[in-house]
Amino acid sequence: MMSAPNSFRLWDTIIIGGGASGMFAAIHLKKIRPQSSVLVVERNSKLGKKILITGNGRCNLSNVAASIDYYHGLDPSFVDISLRKYSVSVIRDMFFQIDLHTMTDEFGRIYPITQNSGSVLDCLRYTLSDLGVDILCSTMVSSVFFEKGSFIIHTDKGEPIRGRTVLVATGGACAPHTGSDGNGYDILTSLGHTCLSSMPGIVQIKTKREWVKQLSGIRLHAEASLFLDKDCIRKQFGELLFTDYGVSGPAPLQLSSHISRILSDENLDQSKRLYLHIDFLPGRSLSDICEELHNRKIKNANRTIDTILVGLVQNRLASALIKSAVELPLTEAISCLTDIHIGNLAERMKDSSIEVEGTMGLKEAQVTIGGALTSEFDPMTMMSIYLPGLFASGEVLDIDGDCGGYNLQWAFSSACIAADGINEYLSGKKNG
Ligand SMILES: Cc1cc2nc3c(=O)[nH]c(=O)nc-3n(C[C@H](O)[C@H](O)[C@H](O)COP(=O)(O)OP(=O)(O)OC[C@H]3O[C@@H](n4cnc5c(N)ncnc54)[C@H](O)[C@@H]3O)c2cc1C
């Protein structure tokens with residue numbers, strides 16, 4: 001940490017934002033260019049506030065599958081060079097070199113072996129300190145100007161700071177309580193860049209309430225498919241949690257970014273509706289379930305209808321499914337169920353449809369859809385095509401990844417590319 005710097009000093013690099021990308025860039029830059037003076041300016045009183053809440057406090061820092069297929073934006077191919085050069089194994093090894101041991105779960109998600117995001121932050125913080133990176137916390141960058149060959153950075157504290165290069169690593173506009181509230185877009189826009197408007201990604205889904213409300217609190221594994229009228233957009237198997245407003249959990253979160261994109265599409269036919277189709281027993285066929293229900297009808301003829309799904313799905317879900325498929329009182333004998341009732345019930349278990357109203361907002365989202373247009377940055381260096389010496393990395397750019405460690409992988413890979421680009425620029429190779 002350092003006290004307020006004076007405006008006579010010219011830093012080689014000023015990194016705006018001490019989050020995942022800013023810290024990783026500072027470390028890599030100092031490693032490849034130890035003689036460089038690097039200052040990280042962070043508005044919060046501590047670095048890496050968001051890292052601590054990632055992966056439910058466990059920090060899912062990457063995914064073995066990370067490739068262009070898991071990224072979105074106007075031009076997802078922008079991630080290609082970063083992910084090739086700073087692949088999952090390279091980033092993992094870089095973490096190992098700063099003492100962080102990692103583990104992979106059955107879905108390919110990579111976590112610190114401690115299962116604690118604090119370990120990731122500790123390894124980053126201690127390394128920054130060892131390498132002599134200067135850190136200025138509790139300081140918000142308000143504006144950046146380019147004058148006479150250097151960047152003048154105004155903050156909410158003291159004198160402006162000057163840098164030969166600047167890396168904007170301010171994050172996106174989601175989870176603003178962590179410090180990333182979209183102000184980085186204003187900085188880039190003031191320097192001539194274009195930023196696409198922000199939408200919430202990896203966020204809870206709001207649905208019509210009648211049916212889901214009675215299921216609120218139920219957590220289960222199911223296959224959820226997102227449909228636009230009759231067209232299936234994407235299927236996702238995984239955990240699903242019913243809430244008062246709709247659905248949450250890994251499977252819906254994965255589908256949510258598609259919902260944001262579809263609903264913001266100016267060309268969307270407004271008569272079309274979005275639906276979630278939920279298959280509560282994805283491993284079993286419709287005929288298989290029908291057969292089992294028929295057998296139960298015979299075997300348990302003296303029981304009441306409300307018991308027909310016992311042991312197959314949770315009781316509250318069972319009664320909601322039965323009520324929606326069978327018009328008889330639940331206290332009638334199972335023997336009263338007709339073949340049509342049983343067919344309806346099996347269909348409900350395989351395909352219950354809920355109309356989607358939208359998503360929760362940026363406040364609740366895990367990633368920002370939108371951001372700085374990638375076509376205005378060089379993917380080989382992350383340098384601005386308009387203003388040499390200006391760089392950007394991480395979520396501030398118009399790249400969002402799927403849920404599962406892809407966004408942090410992007411934050412780290414793009415940070416390394418930016419650090420290499422800064423090194424090259426400072427070495428004079430890209431000057432002029
Ligand atoms: C609840 C939650 C859980 C998540 N879980 C995962 C997960 O498990 N795996 C995964 O891959 N991704 C996860 N993400 C997404 C991931 O955290 C982000 O994509 C990633 O942190 C982006 O890194 P970044 O450095 O670009 O931005 P950030 O981490 O947002 O860092 C930006 C930093 O810049 C600072 N800043 C902003 N403006 C200024 C300014 N003007 N002056 C000074 N400082 C400024 C901010 O305070 C902040 O510290 C999660 C996100 C959330 C909200």
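**The ligand shell and its surrounding elements**

The residues of the shell around the ligand divide into twelve nonpolar, 18 polar and four charged. This description rests on a predicted model. In total, 34 residues surround the ligand, and the closest are Glu42, Asn60, Asn183, Glu395 and Leu408.

In one of them, an oxygen atom of the ligand lies 2.6 Å from an N or O atom in the side chain of glutamate 42. For the side chain of asparagine 44, the distance between an N or O atom and a ligand oxygen is 3.3 Å. Serine 21 takes part through its backbone: a polar backbone atom of this residue is 2.8 Å from an oxygen atom of the ligand. On its own, the ligand has 1000 Å² of accessible area, and the protein covers 95% of it.

Three helices each supply at least two residues of the shell: helix 1 (20-32), helix 2 (49-53) and helix 12 (406-426). Helix 12 gives the most, with four residues.

Helix 12 contains 21 residues, which should span 30 Å at 1.5 Å a residue; the C-alpha atoms at its ends are 30 Å apart, so the two values agree. Of these 21 residues, 20 are buried, and the helix is thus mostly covered. Just after helix 12, glycine 428 takes a positive phi of about 95°.

Strand 13 (residues 219-228) and strand 14 (residues 231-242) run antiparallel and are joined by ten bridges. Within this pair, glutamate 223 has phenylalanine 237 of strand 14 as its bridge partner. Strand 14 also pairs with strand 15 (residues 246-248), in the antiparallel sense and over two bridges. Here phenylalanine 242 stands opposite valine 247 of strand 15.

Aspartate 229 is located in the loop between strand 13 and strand 14. Aspartate 229 has a positive phi of about 50°, although it is not a glycine. With a relative accessible area of 29%, aspartate 229 is partly exposed, because its value falls between the cut-offs of 20% and 50%.

Lysine 148 also has a positive phi without being a glycine, in this case of about 45°. Lysine 148 is found in the loop between strand 8 (141-147) and strand 9 (150-155). The relative accessible area of lysine 148 is 85%; this is over 50%, and the residue therefore counts as exposed.

Key. Residues numbered from 1 in each chain as written. Predicted model: local features only at pLDDT ≥ 70, side-chain atom pairs only at ≥ 80, totals over all residues. Heavy atoms only, no water. Near = heavy atom within 4 Å. Polar contact = N/O pair within 3.5 Å; in protein donor to acceptor, adjacent residues only side chain to side chain. Areas by Shrake-Rupley, 256 points an atom, 1.4 Å probe, with all protein chains shown as cover. Nonpolar A, V, L, I, M, F, W, Y, C, P; charged D, E, K, R; others polar. Pairing = 2+ DSSP bridges. Expected span 1.5 Å × (residues − 1). Buried < 20%, exposed > 50% of the residue type's maximum accessible area, 1.4 Å probe, protein only.
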